[in-house]
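I opened the model to look up two things.

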Amino acid sequence: MKEIVLSGIRSTGNLHLGNYFGALRNFIKMQNENRCYFFIADLHSLTTHPNPENFHENVKTVLSEYLAAGLDPEKSVIFVQSLVPEISELYTLMNMWSYVGELERTASFKEKIRKHPDNINAGLLTYPVLMASDILIHRAHKVPVGKDQEQHLEMTRVFARRFNSMYKVDFFPEPAAYNFGSELVKVPGLDGSGKMGKSEGNGVYLVDDEKTVRKKVMRAVTDSNTSPNAEMSEPVKNLFTIMEIVSPLEKVEYFKEQYSAGSIRYGDMKKELADDICKITLPIRERILEIRENGKYLSDTVINGTAQARESAAATLKEVKKIMGFKSFR
Ligand code: TYM
């Protein structure tokens, strides 16, 4: 039997290099070797972006960018989270076996409290429960995610294990990261600290045109240190991390040697980095612009994918409810 792989992206704006390398890398192999589910987490987006003006447009944006990045509706099930109500029902049930204490300790929740003290909604607290429902509703084995989602995935395993032991069944598999065994990726931002993120304004988007990509990379924060063998500052480390992800190894080594010798010219390094980013993103940009215009392709993809996702989700939910003791009155 093929393993089940599931991946989600929130509909909060355009996809950036972090999303691409965190969640979509290896997608050709992934789609050929597994039963894949890819979805747009529009319910999750409501925890931070409750704006009806662009709610639907944002879903279409992520959908077009997913497809442009290489997801194939002939091979994978592509759907929208809110169109599969079984996920929300499992989420309600799962809230009964997740504990407030463990949810309050989640790093992403603590960070949101710190950054947005004016909107600490219950959806943020139970965010990992909804995410676990997304994964467990298809009884997925593998989940491609970046480093930032590691804790959520660990919590999903805890919830799966807890259900299995509470009800003395072996029902939910414990999902692993898709690249389990090797390190999960964290693509840093261009502003010198932290990860690349949609709301941080520090990213290169897949839809950016060449001029924008070059401008962003050339403006990336570095330092003025040119003494040989100096300890690398955070912004420079980050630039090398991005280069290690997008550029050939020889290029990274060349600039590392230049750095150690104290003769690095960041302008040259950034130019090479921008070239390599453009090689990856510009063909995707072309496809995004085409696909975005093809309304029929977008709606056919979602209608077809959602029907398949609901079938799989309904089968799981039926079993879960049976295990929990729900019975029909008919
Ligand atoms: P979101 O939309 O924040 O990110 C989507 C995916 O992109 C990865 N990612 C990164 N990876 C490496 N470096 C970065 N700078 C970077 N930024 C984002 C994220 O790790 C993620 O894999 N909670 C999820 C959405 C979700 C989900 C799920 C994912 C909801 N349900 C079920 C997998 C399975 C999120 O915040 O995505």
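I started at the ligand: one of its nitrogen atoms is 2.9 Å from a polar backbone atom of M196. I count a polar contact as a pair of N or O atoms within 3.5 Å; within protein, one must be able to donate a hydrogen and the other to accept it, and residues adjacent in sequence count only if both atoms are side-chain atoms.

The model is predicted, so I noted its limits: local features need pLDDT of at least 70, side-chain atom pairs count only at pLDDT 80 or more, and totals for chains, interfaces and linings use all residues. Residues are numbered from 1 along each chain as its sequence is written, and side-chain values use heavy atoms, with hydrogens and water left out.

Next I checked side chains. Y127 places a polar side-chain atom 2.7 Å from a nitrogen atom of the ligand, and N19 has one 3.1 Å from a ligand oxygen atom. I listed 28 residues around the ligand (a heavy atom within 4 Å). R10, Y127, D134, G146 and D148 come nearest.

Then I turned to the domains, whose bounds come from an automatic or database assignment. Domain 1 covers 4–186 + 294–324, and domain 2 covers 210–289. I found eight residues of domain 1 in contact (heavy atoms within 4.5 Å) with nine of domain 2.

I also looked for salt bridges (a side-chain nitrogen of Lys or Arg within 4 Å of a carboxyl oxygen of Asp or Glu) across this interface and found zero. One residue pair is in polar contact there, both at pLDDT 80 or more.
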